[in-house]
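This report covers a predicted model.

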Amino acid sequence: MGAAVEVADLRKLYGDFVAVDGISFEVQTGQIFGLLGTNGAGKTTTLECLEGLRLPTGGTLRVGGIDPVTEPRKLRSVIGVQLQTAGLPETITPAEAMRIFCAYHRIAPRNDLLNRLGLTDKADTQYLQLSGGQQRRLELALAIAHDPRVLFLDEPTSGLDVPSRAELHRLIRELRAAGTTIILATHDMAEAEELADRVAILRAGQIAVIGSPRDITSKGTGFTKVSVRTKYGSLGTSSLAFPAVEHHHQEDEYSVFLSSDIGPTVSAIITFVDANGDSLIDLRVERPSLEDQFLEIATTGRGS
Amino acid sequence: MNAFAAHFAFEFRTGVRNKTLLLLNYLFPLGLYLMLGFILPGLNPFFQEVIIPGMVVIAVMAAYLLGLPEPLVGAREKGIFRSYKINGVPPSSILSIPSLTTGVHTVIVAAVITATAPILFDAPVPVNWFGFLVTLVAIMVATAGIAVVIGVASSNSRVVILWSQAVFIPSMLLGGIMVPYEDLTPGVARASQLLPATHAMNAFRGLAMGEAADFAPWVSIMSLLACGAVGFGLALFLFRWDSHDTVRRGHPALGFLVLAPLALTLLF
């Protein structure tokens with residue numbers, strides 16, 4: 001399987017402001033690719049150039065082998081888009097929106113998607129009267145109704161409650177399993193870490209780091225957090241020194257160690273507890289998350 | 001159901017569901033019709049003669065000039081056009097379908113006015129129904145063309161109101177509805193030929209009501225139809241999907257060209 005999305009040296013200027021500054025990446029067919037970044041980092045502009053909504057200032061783009069700049073009509077049948085800031089007419093109902101947009105795609109209305117996304121009861125309710133979550137679900141249903149090869153989701157879970165979010169995640173995984181390539185722009189690091197095969201973190205219009213969530217988190221300078229609770233609190237003294245531990249402090253009943261190499265650290269802690277006639281009640285290891293890495297890049301600008 | 005039919009059905013229902021459009025399509029013109037019909041003939045006998053064509057022209061202008069441009073600007077500002085673009089809805093449908101559905105609402109109102117005015121206000125009825133229909137279609141086409149140009153060329157909702165009223169109010173006052181064309185001073189009369197209402201009233205008088213037209217009525221019909229055609233052409237040319245789109249195909253001031261066919265009648 002080849003690349004479903006190819007971006008080479010994409011640049012986008014708004015007047016003198018550089019929104020996207022020469023970014024390049026590829027997304028393989030059937031992958032979920034996460035675009036992360038703070039507000040104004042260039043995520044939405046990048047997506048909108050790929051979706052044919054913005055003309056790039058420079059660079060080349062291919063989506064499903066189609067150039068969004070020169071072949072916008074062909075692009076419509078290949079892509080599905082849930083925009084971050086898009087609306088539907090206030091008076092339109094989900095049933096009407098599905099009927100109209102499917103008709104423009106020359107397919108029968110996909111009312112099964114309204115059912116799947118919990119909108120059957122609201123099929124005849126006007127868009128303005130839907131909750132924010134229901135509006136997002138309707139926009140998603142419309143985006144996938146024509147079985148696009150490439151799906152762009154911009155903050156898809158924004159405003160969704162927990163069950164709706166879980167259902168959306170299930171749907172996204174099903175789409176990937178069916179071979180749909182998905183580009184997901186999100187602020188939600190847990191979501192990106194959970195769903196994305198690869199992510200790119202944008203900063204000031206450039207890619208600060210790109211790779212799988214595991215690769216990116218392993219590249220960080222963040223420490224692994226080891227929290228230990230013992231029966232007699234033998235670890236509750238500040239003078240302890242364990243291998244690879246950079247910092248030690250107390251959080252309620254837990255002694256917390258920030259370790260750059262957890263193997264020697266955990267081994268030494270267990271040995272110490274045994275040697276002091278104490279016993280473990282709880283031991284937790286928390287690896288640096290994508291969010292930790294994101295915050296590090298966003299605040300320091302450090303990337304790979 | 002094909003895309004055009006599905007989109008048309010939705011837009012038609014919007015004309016009734018949306019309270020503002022319901023007001024402008026039905027309540028405002030019919031309310032004004034009743035109010036003016038009961039009050040004005042006693043003060044201005046001329047109005048008695050033109051109740052049917054005059055109120056039909058007012059209904060057309062209210063629905064198109066006051067009702068059509070603002071939803072176009074609002075849809076662009078709210079990102080609705082972006083959703084349309086993503087899903088393959090072409091600009092021609094975005095502009096033409098609301099124009100057509102507004103036309104249906106307007107025809108209903110025109111029918112109510114035409115059917116009731118002779119009974120309620122002893123208004124003279126058209127003597128040539130073909131001429132009446134041709135003139136009705138011509139003023140609808142012209143006003144729709146002007147309305148879509150205002151909607152596409154205006155940068156925001158406040159500007160829309162300004163331009164819509166700039167056509168609507170002079171049309172009411174100088175378009176041959178409140179004051180006969182021949183009573184206008186020569187300068188004002190010539191200026192009024194830039195208004196679609198003037199040509200519609202001229203054509204109604206000459207082609208439908210069995211009266212003498214002030215100037216060639218078929219020239220008025222042709223200029224109204226040309227105004228509509230130019231308007232739709234300009235609107236398609238100036239159309240933008242996005243309020244923040246910095247790429248424009250032409251300056252919005254090109255929109256004034258929609259009045260060129262009406263201005264050309266000054267040569268005849």
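## Confidence

In this predicted model, the mean pLDDT of chain B is 92, and 98% of the residues in that chain score at least 70. Within chain B, the lowest confidence falls in helix α3 (residues 45-49), with a mean of 87, whereas the highest belongs to helix α8 (residues 129-153), at 97. For the complex, the predictor gives an ipTM of 0.84 together with a pTM of 0.82.

## Packing of α2 and α7 in chain B

Helix α2 (residues 19-43) of chain B and helix α7 (residues 91-121) of chain B have axes that come within 10 Å and cross at roughly 25 degrees. Because angles under 35 degrees count as roughly parallel, α2(B) and α7(B) are roughly parallel to each other, and their crossing is right-handed.

On the side of α2(B), the contact is made by B:Asn25, B:Tyr26, B:Pro29, B:Leu30, B:Tyr33, B:Gly37 and B:Pro41, while α7(B) contributes B:Thr102, B:His105, B:Val109, B:Val112, B:Ile113, B:Ala117, B:Leu120 and B:Phe121. Sorted by class, the residues of this contact between α2(B) and α7(B) comprise 11 nonpolar and four polar ones, with no charged residues.

## Packing of α8 and α12 in chain B

Helix α8 of chain B also packs against helix α12 (residues 217-238) of chain B, at an angle of about 25 degrees and with the two axes 7 Å apart. The helices α8(B) and α12(B) are therefore roughly parallel to each other, and the crossing of this pair is left-handed. The contact of α8(B) with α12(B) holds 21 nonpolar and four polar residues, and no charged residues take part.

## The contact between chains A and B

Between the two chains, 22 residues of chain B are in contact with 22 residues of chain A. On the side of chain B that touches chain A, α1 (3-17) and α6 (80-86) of chain B each supply at least two residues, and the largest share, six residues, comes from α1(B). By class, that side of chain B has nine nonpolar, nine polar and four charged residues.

## Domains of chain A

For chain A, the domain assignment gives domain 1 (3-218) and domain 2 (223-287). The C-alpha centres of domain 1 of chain A and domain 2 of chain A are 44 Å apart in the predicted model.

Technical notes. Residues are numbered from 1 along each chain as its sequence is written. Chains are lettered from A and ligands numbered from 1 in the order in which they are written. This is a predicted model: local features need pLDDT of at least 70, side-chain atom pairs count only at pLDDT 80 or more; totals for chains, interfaces and linings use all residues. Two residues are in contact if their C-beta atoms, placed from the backbone, lie within 7 Å. Helices (H or I, at least four residues) and strands (E, at least two) are DSSP runs, numbered from the N terminus. Ala, Val, Leu, Ile, Met, Phe, Trp, Tyr, Cys and Pro count as nonpolar, Asp, Glu, Lys and Arg as charged, and the others, Gly among them, as polar. Axes are lines fitted to C-alpha atoms, for helices over the stretch in contact, and angles run from 0 to 180 degrees between N-to-C directions. Angles under 35 degrees count as roughly parallel, over 145 as roughly antiparallel, 65 to 115 as roughly perpendicular and the rest as oblique. A crossing is left-handed if the near helix is turned anticlockwise from the far one by less than a right angle, and right-handed if clockwise. pLDDT is the predictor's confidence in each residue, from 0 to 100. Domain bounds come from an automatic or database domain assignment.
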